[in-house]
Amino acid sequence: MRILTQAGLSTTVLLVHAPYPGDMKFRGVPSSMLAAIAPFAVSREGGAESIGYLDPVSASPAFYGELTELLRRGSVRVVCISTSTAAIEETRRIAAAVKARAPGVLVVAGGPHEDDCEEPIAARLHDVDLSIGGTAEFALDLVLREFLARGETPERFLERLGTLLSRTRLPAGKCTVSCRAWQPGTTRTLDFGPLSANDLAPRVLPDRLPSFSIFDAPTTLPIMVSRGCPYGRCTFCAEAIRGGGTLVSSEFSWIERLHAAHPNAAIYFQDSIFPRGRVARERLLPLLRELGVEWGAQVYLRALTRSTVEELATHGCTYLYTGLESASPDLLRAVGKPGVDPELALERLGWMRDHGVRAGVSLMFGVMASTGELLETADTVRRTLDLAVAIRDAGVQVTGFYPNVQTVLPGTALARGLRASGRDLDFFRMPRAGVFDVLEDGGVGYNFATLDPSRAAGALAETIRAAALTLQPAEPVLAARAG
């Protein structure tokens, strides 16, 4: 298992997790970046290349000062930027800073934004040499090995990379590699057949772990054992299209090694939905029970049964996060979650209460139709807030209600519907209902505010309610821009 350290003056390959423009209320681990670098990092362990990372809390002057100093005094040859849609403008700023101070450095970008967008990052951002999407691990490994093996400029390397990719067989998987310098077109699609999910198990970890207040443990290991979403019908989410479908690991010895290295850490599964089935039941759950570690995961309420909740709790699960989004049947149908109604929510959250499992609950405001009209009304907001109060009064151990504003993400069914209606969506900024800006960190449209369950009818709820009073059905929101 490779432990990655924070970047220093000896760093050759610099990994940068592009920061959100706002102040984060929580800190996670950039799982997509760590997964993408894993084959290269493991194969180069103990080698000449030094891999270091920068994972800033925010886009602060201190972060850009540190980046500038590394480029000015250090030995950086490659900068790999992992970005989400919310952080895409900071990605542009990072790439520009790199090229301005170290034009001989190769800039590679990837992450959720590249997987979701129809337009590759490298096609839009002039200072990004390459962008890689899909199963990026093996293509990135090839790019890094080949570039570092020679003293070429990025321009010379890119000239021969297209030919190199066409002549090289990667182990497995499907990915895209994009470059503005290639003609004709900018993107090459590489498909080397089915990929075993066991190849995707994370084998690298940063030297700094986050702390999640939902657990008693001082730190938490955020890990993934699957890719993609088996439900995949939420109109606002792009998880179902990432990685070419749903892949679930079947070998978990690496979790034992992670636990041995961090015996006092809890485990949180960042999978879109915690996997079910024979492999999880016969291998993963018994392992977690044997380790005696507290852990949590994300679940889809309609897929839960009472026996499933009991099984998870028996094997050490103490926390489950789920998306209720709204108490309105009309809004639930609009977002692709029909049937997750208040009755079902109270029943299944009650099962968690009965088995001592705490719950995190996502609520979504500002739901819009695929034609761009706001569907949220004062009445739908009232229903959702009343449901939050009912959940609290039912004795469910809710760690927090997490209100967020629906934002149009690239690659989603909602984005496709808006385009089909003739709406022009921007590469950087997506529309949302600005009336709920109070819920956002920095106005970027992607972060969550936290509604304390003990104050479900308190100040924040009243602010939401007051904002809802200004809403009218079918209000257009596409003029409102995030950021």
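This report walks through a sheet of strands and some of the helices in a predicted model.

## The sheet as a whole

Let's start with the big picture. Nine strands come together in an open sheet, and their order across it is β8-β7-β6-β5-β4-β2-β3-β1-β9. The pairing is mixed. In general, strands of a sheet pair through backbone hydrogen bonds, and they can do that either parallel or antiparallel.

At the edges you'll find β8 (187-191) and β9 (204-206), each pairing on one side only. Going from one strand to the next, the sheet twists by an average of 25°.

Now zoom in on β5 (106-110). How many of its residues are buried? Five of its five, so to count as buried each one has under 20% relative accessible area. L106, V108 and G110 point one way from the strand, while V107 and A109 point the other way.

Have a look at who sits beside β5. With β4 (78-82), β5 pairs in the parallel sense over five bridges, and C80 stands opposite V108. β5 also runs parallel to β6, joined to that strand by three bridges; here G110 has I132 as its bridge partner.

## From β6 to β7

Which way do β6 and β7 run relative to each other, parallel or antiparallel? Antiparallel: four bridges join β6 (residues 130-134) to β7 (residues 174-178).

To get from β4 to β5, follow helix α3 (residues 88-101): β4, α3 and β5 make up a right-handed β-α-β unit.

Another helix to find is α6 (residues 137-148), which lies across β2 (13-17), β4, β5, β6 and β7. Its direction is at about 160° to β4.

## Helix α10

After α10 comes G316, which has a positive phi, near 105°.

Note on methods. Residues are numbered from 1 along each chain as its sequence is written. This is a predicted model: local features need pLDDT of at least 70, side-chain atom pairs count only at pLDDT 80 or more; totals for chains, interfaces and linings use all residues. Side-chain values use heavy atoms; hydrogens and water are left out. Two strands pair if DSSP finds at least two bridges between them. Helices (H or I, at least four residues) and strands (E, at least two) are DSSP runs, numbered from the N terminus. Axes are lines fitted to C-alpha atoms, for helices over the stretch in contact, and angles run from 0 to 180 degrees between N-to-C directions. Contact means heavy atoms within 4.5 Å. Buried means under 20% relative accessible area, exposed over 50%, partly exposed in between (1.4 Å probe, protein chains only). A crossover is right-handed if, with the strands pointing away from the viewer, the path from the first strand over the helix to the second runs clockwise.
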